[in-house]
Amino acid sequence: MPPPPTGNGPGPGLLDSPIGRFLLPIGGGSAEGALTLHFHIKNNGRNKVNNIRFLFFTALIIMAFSTPVLSLETKEEVAVPVAVAEVSAPEFRFELVPEGTKVTHPYVIHNKGNAPLEVLKVKTG
Amino acid sequence: MTIAVSTSGYGGKTLSKTIQVYTSDPDHKIISLKVSGAVEKMVIIEPKAIRLTGKPSEEITATVKVLPMEKYPFTIKSISVKNEKTLGVDLQSPEGDNLVWNIKVTNKQTRPGRYFDMITLVTDSTIQPEIRINVFGNILE
């Protein structure tokens, strides 16, 4: 954790860190309300390595937060139309009939979905 | 979708059938439809099937009684068998108040072995215009 800015330090809104100096807008920040970072890289080899590490982890954090948003968008895109079959009266009981009578009955299957409903096979038993 | 069920053979029983419809609905891949109901006897056939067993030298015969139910009267217009060389039939019409039709069935096969035949009765009934009776023969050596 970098030390808080003091009068003897880098100045108001300035933060010294092992990898560089940050300028943080204190008390309102920029006119647009966005966070502004001014980054001064100390010119030696060790700090260059730290700088790369910092950029890498920053990119990692941005990616982590952006992933759920991307996932939601993808789900909306893959919503495919489906058929929804509905039978109002799947059971039919006929009145007493003499043997040899051929009993017929219509069953109505409604499609409540938004894709064509296909009857693939009918099995009797 | 219309289903048709034959009630033949279900006289005096309750018929129950299930139809399975396979659909493209991912949540209802199989829809079960059910049809059921009570079936009334229209005719009494005694015995229901005929068995003719004996030696070729013997006369092998059997008699079948066909009684139409009072609610569904009919008359038998004709009688036939699948193989006339194997089986002989003689239809006797009801007499007086007796409503029973008698059928005398005679074996004609002389060669030992088993056989299957069928008697077909053609009736004037609109409900059951045809009645079939199975015949099982067993001619011994």
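I am working from a predicted model, in which local features need pLDDT of at least 70, side-chain atom pairs count only at pLDDT 80 or more, and totals for chains, interfaces and linings use all residues. Residues are numbered from 1 along each chain as its sequence is written, with chains lettered from A in the order in which they are written.

**Interface.** I looked up the contacts (C-beta atoms, placed from the backbone, within 7 Å) and found 36 residues of chain B in contact with 34 residues of chain A. On the chain B side, the elements giving two or more residues are strands E1 (2-6), E2 (14-23) and E3 (30-40), where strands are DSSP runs of at least two residues, numbered from the N terminus. E3(B) gives the largest share, ten residues.

**Pairing across the chains.** I then checked pairing (at least two DSSP bridges between two strands): strand E6 (residues 102-106) of chain A pairs with E1(B) in the antiparallel sense over five bridges, and Val103(A) stands opposite Val5(B).

**Contacts of Ile133(B).** Leaving aside neighbours within four places in sequence, I find Ile133(B) in contact with Ile45(B), Ala49(B), Ile50(B), Val64(B) and Ile119(B).

**Sheet.** I traced an open, antiparallel sheet of four strands in chain B, in the order E4-E6-E9-E8, whose edge strands, E4 (43-46) and E8 (87-92), each pair on one side only. E4(B) and E6(B) are joined by four bridges, and Glu46(B) stands opposite Lys65(B) in E6(B).

Key. Contact = placed C-beta atoms within 7 Å.
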